[in-house]
Amino acid sequence: MKQRIEQPGHQSLFQPVFDLERCDGCGECALQCTFNEIRIEPHGDRKIPAANRKSCGACHRCEATCPRQAIYIEEKPLALRRHEVWKSADIMRIHRQSASGAVNLTGFGSESDLPGYWDRLIFNACQVTNPAIDPQREPMETVTLLGRKAAARTGYEKRGNRQELIKLNLPVVFAPMSYGSISLNLQKALARVAAEKGLLWYSGEGGLHEDLFPYAGHSILQVASGRFGITPQYFHKARAYQIKIGQGAKPGIGGHLPGEKVLPGISETRMIPVGSDAISPAPQHDIYSIEDLRLLIYAIKEASGYKPVCVKIAAVHNAPAIASGIVRAGADMIYIDGYRGGSGATPSIVRDNVGIPTELALAAVDQRLRDEGIRNEASIIAAGGFRSSADIMKAIALGADSVAIGSAALIACGCHGCQRCHSGKCPWGITTNDPEISQRLDPDWAYERLGNLIEGWHHEIKEFMGLNGIYDIGSFRGNRLILRGVGISEKELSILGVKHAGE
Amino acid sequence: MCGIAGLFSARKIRENGERIKKGIHLMNDRGNGLGAGYAAYGIYPEFKDFYALHIMAEDSQARQEAGRFIKQRFEVVHDCEIPVWNKVIRDHPLFHLYFVLPGIPPEQRFPEEETDHDYVVSKSMELNKTITGAYTCSNGKNLGVFKGVGTPLDIYDFFRLDDYAGYSWLAHNRFPTNTPGWWGGAHPFNILQSSIVHNGEISSYGINRRYLEAFGYSCQLHTDSEAVAYLVDLLVRRHGLSIEEAATALAPPYWKTIDRITDPEEKEALIFLRATYEQAMLNGPFAVLAAFEGGMFSLTDNTKLRPMTAAIHNDYTYFASEIASLYEMEEGIQDIITPRAGQPIIARFVKEAGKARL
């Protein structure tokens, strides 16, 4: 067993509280806590749990697994003198950083309070003149085709490269999360659900473990800057390939899987020695401009027998121009990851200060590609903190062909958002491959939960369509008249391409 | 709710608007007096090789500017005021008619305006967009659109449609709900040889419009129906789809229907249309009647939330929202055709393809 390091600083803003009348001293909570927050100590003639008050991150694992429902988590009061500039998070960050001298890492998506637009956009609904459609009674279709589409028949025939489109049953894919950043059990569950529901799952950049070969036909495999696990057969398995340029949670920086997390299975799949750090450089070292990207896109197409190629970028200021270049370079899909996007490990200072909201980037990219007459040449996949079917449908109405969900999928499997994905000690067995802890995630249970989430959201997606009198998602897509903004400025409205409510 | 009527002579026998007026007037309750209109094909045989620009201007200044605009860009062979009987409607815009050909030869035009048709469309869009208060009602050859705010009888009398003789007639009675009732927003909507009348509401308008804008169309008339006319023009004239294919693209079969098709070629063709024209697909309740170069066709949405009926009698095909209206146009009708949801009825001129096809 590895030594468990106690996390000082702001990780102890919470504490477990024990109801000793209910507790029978079984000690399960101490076993479940991977952060060494709970100890069992003698108390008279019995044993009772006690909080160490050092490392609780509010993951709720002990609470959820207590057989006697004797635990709840509470926020510890932090009585710092109120200051509008020096907020408690700023003070805690410095305390923590000055203890380590390092870059503060975190996981999950940005927690900053910059405005999000999903909550400021609302849908229209049918009244009187066009009847709403009841999805329980009438046909309601969410089939989505991804890839390069023809503008018209003439150009289509001339082109000669009839590339097959990818058919999704609903406009949702599972966001890239590598084997290494998440457990193999979870990847399996994602892959099974994708295969069963007619969606896609992304491998992330950790290669493809052989247990996942049966589901590779529903996968988009990644070629990222680390080029981990890329073999000739890698290019014969997937439905499509993705070149990862950037990630919403850490635009412009690379990735780092610490050596402690490079265990035998991961070592084999990534093709690196056990215990060695897996470094993904910030840029792809063979892509220094758009023409290099074009070379890589076509190299992948050649190697894979002309499967669709997707390029993933973080949402940044110049996203529309970058997207235009990517499409003209030959990409069939473009994946835009906004600043709320999650991560298994990212410097918190980068996560909370770099990149722009998905909403704005998506709206601007969609409009730009239309203005240039190349919207049909690539599908847009939007990502970055989609929390609900409403967020998804707002993105579709702004112009996304599909959205990718990562954090929501993890939450479906037990994640409570404690933001310690990078620790390798995820108490829910989600973002860890520690042989002992990762067993906590039962792949069948995760499969069922993910399937339920997709099922539930699919129902809600159909409701949004039906209440707008639309029976096919194609007429929802890019249909910004369905949306209205509330309480946002003219400028924001014009970028989003929506009117204000009341107009 | 709106009313639609159509009268189509497969042998191009011309007649005045009397019968179509009876057909649309019967459905008076389907409108509210805030819009009506007619499209008549074959009415200018003496100028049949020239584009007939029907221009609506809100005042004399707009009319003058529109006239200047047209004379700078076109060779005008004849122009006149469109005769109106203004005792019927007191406040009305001004209507002017120009018979034109493009004023500059193809080799001097921008690539997207190279054909005469494209040139005329492009300049009409430009006029609608840039000249305040002036709009193109129709710009096809040998046809005209007459429309405005009033009941079908008002508009018929206002434009003196007894005096015109055409072989294809469309009529519309409007009950505006989404957008204000104004002269430009009345139906039919025309672009070159295609004209449409529409009953319903296009829930997909937001994306249809953005799709059309990418092809240079500019929607200026504040109504979803306008987009349907431009879509027909784009799909049929510019993209070369057959009417059947265009109808499939606009009201495609459900995916579950496509999944059941066993013939791989048919299936591939349908998937191609769905993938390529996803943004052109019309959603929401609608019944559309369209006149095109080779005939007339009707189309309803996939759930048929708006009515459409038709009948064939002695080389004529009649279309209407209500069956009674068909009898009003032709007493001798034997069989009524009620199309299934999403199914087009296409009537063609005799020399082209024979009788109407279901």
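Let's start where the two chains meet: 30 residues of chain A are in contact with 26 residues of chain B (contact means that the C-beta atoms of two residues, placed from the backbone, lie within 7 Å). On chain A, the side touching chain B is made up of 11 nonpolar, 10 polar and nine charged residues. For these classes, Ala, Val, Leu, Ile, Met, Phe, Trp, Tyr, Cys and Pro count as nonpolar, Asp, Glu, Lys and Arg as charged, and the others, Gly among them, as polar.

Keep in mind that this is a predicted model: local features need pLDDT of at least 70, side-chain atom pairs count only at pLDDT 80 or more, and totals for chains, interfaces and linings use all residues. Residues are numbered from 1 along each chain as its sequence is written, while chains are lettered from A and ligands numbered from 1 in the order in which they are written.

**Domains of chain A**

- Chain A splits into domain 1 (9-102) and domain 2 (120-500), with bounds that come from an automatic or database domain assignment.
- Nine residues from domain 1 of chain A and seven residues from domain 2 of chain A make up the contact.
- The domain 1 side of that contact in chain A has four nonpolar, four polar and one charged residues.

**The barrel in chain A**

- Eight strands of chain A form a closed barrel with parallel pairing, in the order S9-S10-S11-S12-S15-S16-S18-S19.
- Helices (H or I, at least four residues) and strands (E, at least two) are DSSP runs, numbered from the N terminus, and two strands pair if DSSP finds at least two bridges between them.
- Strands S15 (residues 309-314) and S16 (residues 333-337) of chain A run parallel and are joined by five bridges.
- Ile313(A) has Ile336(A) in S16(A) as its bridge partner.

- Gln69(A) isn't a glycine, yet it has a positive phi of about 45°, and it sits in the loop between helix H2 (61-65) and strand S4 (71-75) of chain A.
- Gln69(A) counts as exposed because it has 11 C-beta neighbours inside 10 Å.
- Leu192(B), also not a glycine, has a positive phi of about 50°.
- Leu192(B) has 24 C-beta neighbours inside 10 Å, so it counts as buried.
- The cut-offs: a residue is buried if 20 or more other C-beta atoms lie within 10 Å of its own, exposed if 12 or fewer, and partly exposed in between, with C-beta atoms placed from the backbone.
- The peptide bond from His187(B) to Pro188(B) is cis, with omega near 0°.
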